[in-house]
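Dear colleague,

Please find the structure below, handed over for your use.

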Amino acid sequence: FQVSSFMPKRILLVEDDPFIVDIYSISFKKAGYKFDVAKDCQMAQEKININPPDLVILDIDFGAGKMNGWEFLKILRSEEKTKNLKVVILSNHNQEDYPGKVSELGVLKFFLKVETNVQDLVDYLGEALK
């Protein structure tokens, strides 16, 4: 009898829409991921500082007066312990709205919410986290 040393990969979803959080949390947990949620970038930064995840799924827009995903990503990339953290964008905005940002800030992949079904993202994460 051998105990598996498999540790579930940890994912942090930075998303303020409770409906999206519910849908994704069910699917990610079913797929065997440890899953956490931050409702905005400030909360995400606190969680990452305490216990960095293996991958962050980041929304871009959190409303007026809140740090946006691009600003947050610049902070992550500027810090030694998070500069190589894997980040996937999940947004209502098209990637074309942000020319150059995806490659400039080291985003693995950009998913448009209306075009992405949950299983496609779960499948992608399986590849990205190998």
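Ile 26 is exposed, with a relative accessible area of 53%; here exposed means over 50%, buried under 20% and partly exposed in between, with a 1.4 Å probe and protein chains only. This residue, Ile 26, belongs to helix H1, and its C-alpha atom is separated by 32 Å from that of Glu 104, 78 residues apart along the chain.

Please note that this is a predicted model, in which local features need pLDDT of at least 70 and side-chain atom pairs count only at pLDDT 80 or more, while totals for chains, interfaces and linings use all residues. Residues are numbered from 1 along each chain as its sequence is written, and side-chain values use heavy atoms, with hydrogens and water left out.

Helices (H or I, at least four residues) and strands (E, at least two) are DSSP runs, numbered from the N terminus. Five strands form an open sheet with parallel pairing, in the order S2-S1-S3-S4-S5; two strands pair if DSSP finds at least two bridges between them. Strand S2 (34-38) and S5 are at the edges with a single partner strand each, so one side of each has no neighbour in the sheet. Between S4 and S5 there are four bridges, and Leu 90 has Phe 111 in S5 as its bridge partner.

Helix H5 packs on this sheet, touching S1, S3, S4 and S5, and its direction makes about 165° with that of S4. Contact means heavy atoms within 4.5 Å, and axes are lines fitted to C-alpha atoms, for helices over the stretch in contact, with angles from 0 to 180 degrees between N-to-C directions. Within H5 (residues 118-128), the buried residues are Val 118, Leu 121, Val 122, Leu 125 and Ala 128. They lie on the same side of H5 because they cover an arc of only 125° around the axis, the arc being that of the directions from the helix axis to the C-beta atoms.

The largest nonpolar core has 22 residues, and Val 56, Leu 58, Trp 70, Leu 73 and Ile 89 have the most contacts inside it. Such a core is a set of buried Ala, Val, Leu, Ile, Met, Phe, Trp, Tyr and Cys residues joined through side-chain atoms within 4.5 Å. Helix H3 gives the most to this core, with four residues. Another core, of 19 residues, lies apart from it and includes Phe 35, Ile 57, Leu 90 and Leu 129.

Yours sincerely
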